[in-house]
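Here is my notebook from a first walk through this structure. Have a look at it yourself, then follow along.

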Number of protein chains: 4
Amino acid sequence: MKGFAMLKIGQTGWIEKNRPVCGPMDAIVRPLALAPCTSDVHTVWEGALGPKENLILGHEGCGEIVEVGSLVKDFKPGDKVLVPAITPDWNSVEAQAGYSMHSGGMLCGWKFSNFKDGVFGEYFHVNDADGNLALLPENIQPAEACMLSDMVPTGFHGAELADVQFGDTVLVIGIGPVGLMSVAGANLHGASEIIAVGTRQVCRDAAKYYGATQFIGYKDGSIDEQVMDLTGGKGVDKVIIAGGTVDTFEPAVKCVKAGGRIGNVNYLGSGEYIKIPRVEWGVGMGHKTIAGGLMPGGRLRMEKLGSLVACGKLDVSRLITHRFTGFEHVEDALMLMKDKPADLIKPVVVI
Amino acid sequence: MKGFAMLKIGQTGWIEKNRPVCGPMDAIVRPLALAPCTSDVHTVWEGALGPKENLILGHEGCGEIVEVGSLVKDFKPGDKVLVPAITPDWNSVEAQAGYSMHSGGMLCGWKFSNFKDGVFGEYFHVNDADGNLALLPENIQPAEACMLSDMVPTGFHGAELADVQFGDTVLVIGIGPVGLMSVAGANLHGASEIIAVGTRQVCRDAAKYYGATQFIGYKDGSIDEQVMDLTGGKGVDKVIIAGGTVDTFEPAVKCVKAGGRIGNVNYLGSGEYIKIPRVEWGVGMGHKTIAGGLMPGGRLRMEKLGSLVACGKLDVSRLITHRFTGFEHVEDALMLMKDKPADLIKPVVVI
Amino acid sequence: MKGFAMLKIGQTGWIEKNRPVCGPMDAIVRPLALAPCTSDVHTVWEGALGPKENLILGHEGCGEIVEVGSLVKDFKPGDKVLVPAITPDWNSVEAQAGYSMHSGGMLCGWKFSNFKDGVFGEYFHVNDADGNLALLPENIQPAEACMLSDMVPTGFHGAELADVQFGDTVLVIGIGPVGLMSVAGANLHGASEIIAVGTRQVCRDAAKYYGATQFIGYKDGSIDEQVMDLTGGKGVDKVIIAGGTVDTFEPAVKCVKAGGRIGNVNYLGSGEYIKIPRVEWGVGMGHKTIAGGLMPGGRLRMEKLGSLVACGKLDVSRLITHRFTGFEHVEDALMLMKDKPADLIKPVVVI
Amino acid sequence: MKGFAMLKIGQTGWIEKNRPVCGPMDAIVRPLALAPCTSDVHTVWEGALGPKENLILGHEGCGEIVEVGSLVKDFKPGDKVLVPAITPDWNSVEAQAGYSMHSGGMLCGWKFSNFKDGVFGEYFHVNDADGNLALLPENIQPAEACMLSDMVPTGFHGAELADVQFGDTVLVIGIGPVGLMSVAGANLHGASEIIAVGTRQVCRDAAKYYGATQFIGYKDGSIDEQVMDLTGGKGVDKVIIAGGTVDTFEPAVKCVKAGGRIGNVNYLGSGEYIKIPRVEWGVGMGHKTIAGGLMPGGRLRMEKLGSLVACGKLDVSRLITHRFTGFEHVEDALMLMKDKPADLIKPVVVI
């Protein structure tokens, strides 16, 4: 079969591989729609996961099952399915402890285009089909379904990590597709004012649609000073970090209230240390909790978040600014993600 | 001063009383708008709080401060304020334990028209002004502000007690004004499907506006059977009880999933026992948690929920179906609440 | 192979069955020690699980693995293992939601002597060995290990459900072996005063050893009145119900403080309804949360609770009052459990 | 009256001041026993709170009430009381949000020897007596009662911040008096293995008494490597930081499991940044939550923790290595705290 792969650090291309083999609990899926992610860009051109050779890329997509293993009970060939980017080993002790995304080791619930070939192939393999797939609701289109693999669960996890509650003032740093879903997640968890950090107009428009009420630019001064101005010196109740770098935590700590929380869902690709300013962190005693975590994946997560889209309470189509048709356009979509033109939020390839 | 009072069980009328006296931490407030509550009806005509004589009624309103005590720091005469129905003693051990509504004893955070004169007077007394009042945001009208005293915080507490999370299917039993705010609260906390129980058209229209997706009637069969039909036999993740009687818990337990929660905010006025069906409660081991609680009141709660209205994310005007102008119409508004015509959700009196 | 079984309601006996078959994720275990449970008594003589024929009894034991399936990674024949009474299907949506004991349906994580043959056989079958077994720590004897199957995790779950915190006053109703472990769990979660309800001297002595500070008898007046006397009218912060009937919730609600929690781990074998007294439950608004649940099982739970025994912080030997040697004594042990002599807490059979 | 004060940075001495004035909600207390804290040393000799002149030191002590304000309801002159180091303004929005220690601003619940004169005077002032004092249980001696002001609530808060649960393996960094109470708190919240970092024999002996099971020395290699060795490469479930510097977080992050928590109760006196190692923090996504907070104070906290001592479940006398008699010895006790001889844990002055 054909697949679009990372050949080595800095180089991509189409390769031929054997169709993946289906274990007794697994499924083989033919993609219906696919989307590239900024992580794919990090993986290839920054070598963020280290040197990988001939690894099929991609962890966002939906598809149709073509084969299931002998122990699979709830799915059969022909079923159209949502596919999460994170597909845990559910019987691991980490999953039993509530951290399925770290099953088998930190971040090891992330398998696609990390430990095994990703979804940018004519077929892809899903471990534990019963535990990790969900039926595609009838009223969700394949293109929209791709947003449920990573953008929605990751963005919403930001709101969960920050523990947004009724009436909170929330700062969302970064309004790319993940940050936009953090805005939507904060909004759907009861936030009042949502201050969004970002400048591209297409993103600001989408952020406003998803619930942002005020905007800040990276270049208009430090984030924390702008936040303090906007809040009359009070600061914000919660911060979601969905963009930036290891240096983004400093302004976050500075402008969150004592007793607040900072939830990070940004992949920190470089830098040796995240630096927490001692004094503004209350000399260690300010109750400004710092939490960061990989999205929860698996079947239930897909069913729950899918239901928000299916019942019309979350419209993910605002994320999709570029649409391609045909498997071969996976390459174009990835290059678009790499080049990030001003009008891009997220490209999707329908197959 | 004049006040509209419960004279004795079953009888109301206008009385003259001395203006309340302001303690060192307190405030005296002149009402700008007032609303009657079904609780007032229970208090007078059902004697729910026992025999009371010449007690000024009412616990929903907003007003303008006319006097503050010597220890009050953050408010002054002339300030327009939100007033919660529940005004705790914040230094009590119960408040320190996180249950301010039970400060000094179970339910004892509820003082207005319970332990002391309520808000249906030319002036009313607020204990601990700094701890219990909040400035009225400029873009909230006094009529709408009345909804923040009790309907919004009580209804939203239902969503808190039921612990509604992203993608939950939620059953809301009762869609009077509190139930409608439970629908809104569940919706603003991430619920997908919201099944609402109620039949009046004005309430169903409002419920749909606030996020309900499906409806059930009390007379179309048992609630649990209707829910099981709608959910394909799966049941719901969470239940909010905002209406009904002590017998409402039985269908709630029957149709909530194992691991679900039932949150009650309904004042249970009569009946000796709430009955939990043993088998469907998992012979004691089904993890169907039953929580019921009086709304949290106080300043922060008013500020937080007020900010949802102020920033346009919650429109409470859909609750107000009848508007009066003039203090003397408090009586008409209460009678309307007693008679519950088909087109009523909530009446308000602007002064 | 031989097994000790329920032949039909009211009748037990030894039967011959085929050795269970090992699926790809499973293990076959030969018991090293076994213990009967009051549930076995309910199952046989009260028909609590309905009519069952020739079902091998027992869900408490430890053993040595004799066979593992092809997909099992962490265990091999010869390994000595802790075996939980509850062995979930970890990839079920219920487990993903945090309620593994209800995987596949309410209470369906309980398989031994319920849906399949129990542990009172020469061999028994364990589903998902990697997910449900734990290595037996070297310094735990097989007899003591049996207490980790059900008594410890169930009793401790009472303390979890009641959410015992530093300095709480806790009422534990029932001091049979589960209740004793609820006392120990409350004590190990920071309770101060622990008021235990029970009269048998052997149980009171053990309860005192595990942390109980005061005692109440069922026959010395109503539980709630005795508690109110002991606490100067304040009531208790938390209640753990580990004995009694559906009628035990009434005194529990009456003597728990507003804002308190009642955690039930008692199998409620009969009665149509649990009755919650309306007035003392705060007319629905007293924040007296009622939670009841089956113990969490599986590997991590065994590892965690096993470590408490292994490091010497929990001595379960005080539970074992009667010790037998030889598989054939399983019958005697069960009869002892049925007859409950005054000096019995728990019998164990070492094989 | 006489008081022992910080005269300026680096200098202490006895001064004369007017007896403090009692506001309507307050109390004036005469000390029965007092203890110096390492914070006092930081305040004076490191100028940690900035330049202060003639500020009476001390925030650990108990005493007898000599005067109460007109609004105080639950206390009267002659009552012997526990006094917490942190005395919040309970009606502040921060306290209403659950963070009373930050009432009025980050860390502003800490008033003694910070914003106002401390307890090392012939009399001291307590704001909000009803909210912040607790009756001294009869069976707690004044010397022991001093440990309840700061050492117990701070140490135990470490276990709360780290969210220690049944069977957790916990690392406690620092076993001075606060760290010892973190060991005790972790132990009383269900920890199994407790690995303690510290070398002084008197501290190790006390740590073993309070529940530590293994020991590590600062000088025997990096903390994280030693922990990895002890845990077979698995790391620990939770970390409590009760000593060290801003650099202590690096090994903590390195040796805590994904999904673990780090709770800090150490006052970080110097350094610009706390540095979180990016890779071991899971490139931002490892769910290694970092929480740090000032102890909760106030009346309920004193009652709850006091009850643990009163009922014999926590023996704080092991903390007290040096005892003085007579108010004038406050100076000697502080100097001892400054010099930290090898056999010191905590000195107390009984008056």
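**Entry 1: ground rules.** I am reading a predicted model, in which local features need pLDDT of at least 70 and side-chain atom pairs count only at pLDDT 80 or more, while totals for chains, interfaces and linings use all residues. Residues are numbered from 1 along each chain as its sequence is written, chains are lettered from A and ligands numbered from 1 in the order in which they are written, and side-chain values use heavy atoms, with hydrogens and water left out.

**Entry 2: the domains of chain A.** I looked up the domain assignment (bounds from an automatic or database source) and found domain 1 of chain A at 2-150 + 295-350 and domain 2 at 155-292. Taken over C-alpha atoms, their centres lie 27 Å apart.

How many residues of domain 1 of chain A are in contact with domain 2 of chain A? I noted 23, and they meet 17 residues of domain 2; contact means heavy atoms within 4.5 Å. The two domains of chain A bury about 1600 Å² between them, with 66% of it on carbon and sulfur atoms. Buried area is the accessible area (1.4 Å probe) that two parts lose on being put together, summed over both. On the domain 1 side, A:Arg318, A:Leu319 and A:Ile345 lose the most area, together 31% of what that side buries.

I then counted one salt bridge between these domains, using the rule of a side-chain nitrogen of Lys or Arg within 4 Å of a carboxyl oxygen of Asp or Glu. A:Arg301 and A:Glu160 also went into my notes as a salt bridge, at 2.8 Å from N to O. Helix α10 (residues 299-310) of chain A gives the most to the domain 1 side, with three residues. Helices here are DSSP runs (H or I, at least four residues), strands are runs of E (at least two), and both are numbered from the N terminus.

**Entry 3: chain A against chain B.** I found 26 residues from each of chain A and chain B in this contact. The pair buries about 1900 Å², 55% of it on carbon and sulfur atoms. A:Phe166, A:Lys304 and A:Lys313 supply 37% of the area on the chain A side, more than any other three residues.

Four salt bridges are counted between chain A and chain B. A:Lys304 forms a salt bridge with B:Asp168, with the closest N and O atoms 2.3 Å apart. Helix α10 of chain A turns up again, giving four residues, the largest share of the chain A side.

**Entry 4: a helix in chain B.** Which residues of α1 (residues 38-46) of chain B are buried? I listed B:Ser39, B:Asp40, B:Val41, B:His42, B:Thr43 and B:Val44, where buried means under 20% relative accessible area (1.4 Å probe, protein chains only). These buried residues pack against β1 (2-8), β2 (11-16) and α11 (330-339) of chain B. Just after the helix, B:Gly47 takes a positive phi of about 60 degrees.

**Entry 5: chain B against chain C.** Here 43 residues of chain B touch 43 residues of chain C. The buried area is about 3600 Å², of which carbon and sulfur atoms give 66%. B:Arg278, B:Met285 and B:His287 lose the most area on the chain B side, together 21% of what it buries.

How many salt bridges are counted between chain B and chain C? I wrote down zero.

Technical notes: Buried means under 20% relative accessible area, exposed over 50%, partly exposed in between (1.4 Å probe, protein chains only).
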